[in-house]
Amino acid sequence: MRQKLKGILAAEKVPAIMVTHDLRDAIALGDRICLMEQGKIVICGDADTILQKGQHPFIDQFFIGTCKKEKDYTL
């Protein structure tokens with residue numbers, strides 16, 4: 001489903017905003033990703049920037065191990 005949606009967005013060349021709680025979806029589909037903690041944006045950037053350890057403690061604690069270890073964010 002991620003690949004299909006990514007293809008549609010690329011083909012139509014329209015901007016889109018996606019709100020998700022699944023970091024894998026955000027990384028697979030987004031050109032630019034902003035992560036929020038307690039209603040405030042704490043980091044923005046591309047997938048490589050977001051997944052760098054040490055960007056923000058909240059992200060390190062909850063997300064880095066999940067997506068980076070398997071590189072499944074390209075699905």
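## Exposure of the charged residues

In this predicted model, D22 has a relative accessibility of 22% and therefore counts as partly exposed, since the partly exposed class lies between the limits of under 20% for buried and over 50% for exposed. R24 falls into the partly exposed class as well, its relative accessible area being 31%.

## Salt bridges

Three salt bridges are found in the structure. In one of them, the side chains of R2 and D25 meet with an N to O distance of 2.5 Å, and this pair links distant parts of the chain, because R2 belongs to helix 1 and D25 to helix 2, 23 residues apart.

D22 takes part in a salt bridge with R2, where the closest N and O atoms are 4.0 Å apart. Because D22 sits in the loop between helix 1 (2-12) and helix 2 (23-29) while R2 is in helix 1, this contact ties together parts of the chain that are 20 residues apart in sequence.

D22 also forms a salt bridge with R24, and here the closest N and O atoms are separated by 3.3 Å.

In general, side chains of opposite charge can pair when their charged atoms come close.

Definitions and conventions:
Residues are numbered from 1 along each chain as its sequence is written. This is a predicted model: local features need pLDDT of at least 70, side-chain atom pairs count only at pLDDT 80 or more; totals for chains, interfaces and linings use all residues. Side-chain values use heavy atoms; hydrogens and water are left out. Helices (H or I, at least four residues) and strands (E, at least two) are DSSP runs, numbered from the N terminus. Buried means under 20% relative accessible area, exposed over 50%, partly exposed in between (1.4 Å probe, protein chains only).
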